[in-house]
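Please keep the sequence and the structure at hand while reading.

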Amino acid sequence: MSDSQTLHWQDLSRNHHLPPFTDYKALNAKGTRVITKASGVYLWDSEGHKILDAMAGLWCVNIGYGREELVEAATRQMRELPYYNLFFETSHPPAIALAKAIADVAPAGMNHVFFTGSGSEANDTVLRMVRHYWAIKGKPAKKVVIGRWNGYHGSTVAGASLGGMKAMHGQGDGPIPGIEHIDQPYWYGEGGELDPEEFGVRVAQQLEQKILEVGEDRVAAFIAEPIQGAGGVIIPPTSYWPRIREILARYEILFVADEVICGFGRTGEWFGSDYYGNAPDLMPIAKGMTSGYIPMGGVVVRDEVVQTLNEGGEFYHGFTYSGHPVAAAVALENIRILREEKIVERIKAETAPYLQSRWQELAEHPLVGEARGVGMLGALELVKNKKTRERFDKSGVGMLCRQHCFQNGLVMRAVGDTMIISPPLVINKEEIDELIVKARRCLDATAAEVLG
Ligand SMILES: *Cc1c(COP(=O)(O)O)cnc(C)c1O
């Protein structure tokens, strides 16, 4: 039952707010859920329910909720210098210090950062930067960027175009010209009868086919998430990245690893590229960069690309809030905490292996066709038939499970009929136990309704 304060907020929301990724009519019919506070790995809603947030907000609250140090860093910076821009040969200490702090944790040879306000802006920056790069090198025809179906690179025009979400393309004439897509390495959903490793090689091979089809002289870059997040925590077979690396080595194109989710410790390494041994040229970052306490994004750029940009005159690109001093101060403090508390090392050595072994227990559940995960990421495929991987014909089994999760004090996200988690990196073993108990309870409740 909703109390009167909740009803009041729901009403105001109906009357005035257009929230992102929302079916307005459907939401207005039931009323939004209102989250009012958070601490550690827990949220509270407006009716006082305590909820374990196994999504870390939207994949971003890496150090957990309620860290006073970040509040203090923001307050201090607001008092000292709340805003100044980085345009036209000016700068400020937080942006400069943050660029250095990111270079210190980034893969070798990636020592510069272009700051943005979000992950989407980071990918818009990527599109402009790679085309600018090739123009400086005297190859202005190299403009095409190859992305992947079901990849996610944000929701601006460039971000949605680089991404491969067909529903997003369908609204507003996407993708823009000059973007191509190849298949994703989603073995469970698209691998059919193939062995996973064989499937991994086969989908990787599509990159070479696409380069040859478009023409190497027209391809600027390949963009991919190390592990697809919003697409449903899609973890490539182990054969995938080595084959992609071989192909990239054969052709003169840039490699963009979208680290917006995988970056800042999510896989148990600082970046997903470290986890897979990939050496990208550009890395869009956001989300865990500030643990979501304040918006910020950026693109980490390889030295060789920077050397070329240095020869190109003015790069006519940037945002009013590029490297915003308050956001930069929060990001710096976030990185300090990740490093000093050895959070990335701890999840690699202890909590991620523990989460993954407990997560695998759910594979036994009658509703679960596959349980998979890496680091602090996990997915469960809900299926009608575990042996044949047959899906439910009626849609919305994932959403039904998600409803049961909320009722049981757990946030899991549903991507179609794939349930996914991405908890705060600081989740401890007791909280992981609670996550698993609750997840099982939601699966049972869902199975009771759909397996009957
Ligand atoms: C969330 C996300 C983005 C977009 O970031 P925003 O800050 O929402 O604009 C881009 N790429 C990936 C991989 C993401 O998960």
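Glu198 and Arg202 are four residues apart in helix α10, so about one helical turn separates them. Their side chains meet in a salt bridge, with 3.6 Å from N to O. Glu198 counts as partly exposed, at 40% relative accessibility. A salt bridge here is a side-chain nitrogen of Lys or Arg within 4 Å of a carboxyl oxygen of Asp or Glu. Buried means under 20% relative accessible area, exposed over 50%, and partly exposed in between (1.4 Å probe, protein chains only). Helices (H or I, at least four residues) and strands (E, at least two) are DSSP runs numbered from the N terminus.

The model is predicted: local features need pLDDT of at least 70 and side-chain atom pairs count only at pLDDT 80 or more, while totals for chains, interfaces and linings use all residues. Residues are numbered from 1 along each chain as its sequence is written, and side-chain values use heavy atoms, with hydrogens and water left out.

The structure holds 25 salt bridges. Three of them are listed here.

| Salt bridge | N to O distance |
|---|---|
| Glu180 and Lys210 | 3.1 Å |
| Glu198 and Arg202 | 3.6 Å |
| Glu381 and Arg372 | 2.9 Å |

Glu180 lies in strand β6 (residues 179-182) and Lys210 in helix α10 (residues 196-214), so this pair ties together parts 30 residues apart in sequence. Glu180 is partly exposed, with a relative accessible area of 29%, whereas Lys210 is buried, at 13%.

In the pair of Glu381 and Arg372, Glu381 is buried with a relative accessible area of 0%, and Arg372 is buried at 9%.

Strand β12 (residues 377-382) runs antiparallel to β15 and is joined to it by four bridges; strands pair if DSSP finds at least two bridges between them. Strand β14 (residues 413-415) is also antiparallel to β15, with three bridges, and Val415 stands opposite Thr418. Two residues lie between the strands in the hairpin of β14 and β15, where Gly416 takes a positive phi near 60°. Both faces of β15 (residues 418-421) are covered: Thr418 and Ile420 are buried on one side, Met419 and Ile421 on the other.

Helix α5 (residues 93-105) has buried residues including Pro94, Leu98 and Ile102.
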